[in-house]
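Let's take a friendly walk through this structure.

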Amino acid sequence: METITISTNGESVPRDEIQGLVAGLPSEENWDGSPLYFYKGVWYPAFAIRGAISFQQHFIARDTDIILASMPKSGTTWLKALTFSVVNRNIYSPTETPLLTTLPHDLVPFFEVDLYAKHQLPDLEQLPSPRIFSSHSHYETLPPSIRGSGCKIVYICRNPLDQLVSAFHFFHKFKGENVKPLSSIDDDFDNVCRGIRSFGPFWDSVLGYWKASLERPDKVLFLKYEDLKDDITFNLKKLAEFLGIPFTDKEEKDGVIEEISKLCSFDNLRNLEVNRTGVRPLGTPNSAFFRKAKVGDWCDDLTPSMAERFLKIVEEKLAGSGLSFKVSE
Ligand code: A3P
């Protein structure tokens, strides 16, 4: 019998027991009718649960790794493009960078939905340092070796209303087989308010990384989408410093920061051929990652009472944390 992969206690279990393990997890229905599984405090969508468990059990971090973390639809694509550019700025010029021909998600893969979903034990040892990965798991759910090693974690969060609306539009674009069409945010708003959403609860994701960033500022950098929109130069410098590769005076004088911010800007990335016409392996069009990129766009899709209800819940959950959000321009 094959004896690799997953267990809840760290022991290897036969492959055919994995299904049983997943089947034993608490589950709820996602927006599209597919199951969400509750594993170690996170609601994982069906397409991510196996990858999430395998990642949690098996990933071994290097001190040089960079992990980009987020709730979906919080600016992950942007953070990937920015980080890739900062890290590789001495390797690729802005006219040669792979970002011009590759979706940022294909340059910085997700653990749960790319690497460990495609292979239960992907060979990541061959990758040169610094490796850049990304995750939608919560801080507490990360494999022990990430929390225990010297690797760096950058978390991007977005105000809960825009994140919710952005997620709604993203899922609305999915037209997979046996998937319920999602016509309105109201369809599932009660579940959203209970935190039952892909990679939620929102507040647990945000709070875990927020607290970790306060306790270990050298280890976890907490960024806000709205702050990046306000001042990308300041935040790019912060990112580079955090990663231990600050921009030199010469680079600043030569306009390297401006080059990176322009390259990774919404308008530039969105209009690249690869991001207009490409399709991800599971069928998601690359263009789905680029919609409006506005702060306060939730106004078009949430009624004032829905926004008030959801914000109140989030505020109660985050009470005393010192964390707040900008919800309009
Ligand atoms: P909207 O749906 O509000 O437009 P993620 O990358 O985590 O999936 O988040 C997607 C959101 O980030 C979308 O928000 C998308 O438009 C926005 N986005 C994508 N690329 C961006 C960029 N380069 N700059 C700013 N926002 C970007």
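Axes here are lines fitted to C-alpha atoms, for helices over the stretch in contact, and angles run from 0 to 180 degrees between N-to-C directions. Helices are DSSP runs of H or I with at least four residues, numbered from the N terminus. This is a predicted model, where local features need pLDDT of at least 70, side-chain atom pairs count only at pLDDT 80 or more, and totals for chains, interfaces and linings use all residues. Residues are numbered from 1 along each chain as its sequence is written, and side-chain values use heavy atoms, leaving out hydrogens and water.

How do α3 and helix α11 (residues 232–242) cross, and within what distance do their axes come? The two axes come within 10 Å and cross at roughly 60 degrees. W78, L82, T83 and V86 of α3 meet I232, L236, L239 and A240 of α11, contact being heavy atoms within 4.5 Å.

Now turn to T76, which lies in α3 (residues 76–87). T76 is buried, with a relative accessible area of 6%; buried means under 20%, exposed over 50% and partly exposed in between, using a 1.4 Å probe and protein chains only. Leaving aside residues up to four places away in sequence, T76 touches S70, M71, H105, F110, H136 and I156.

Finally, how many disulfides does a search of the whole structure find? The search finds zero, a disulfide being a pair of cysteine sulfur atoms within 2.5 Å. For C157, the nearest cysteine sulfur, that of C299, is 18 Å away. C157 is buried at 1% relative accessible area, and C264 is buried at 1% relative accessibility.

Methods: Helix = DSSP H or I, 4+ residues; strand = E, 2+ residues; numbered from the N terminus.
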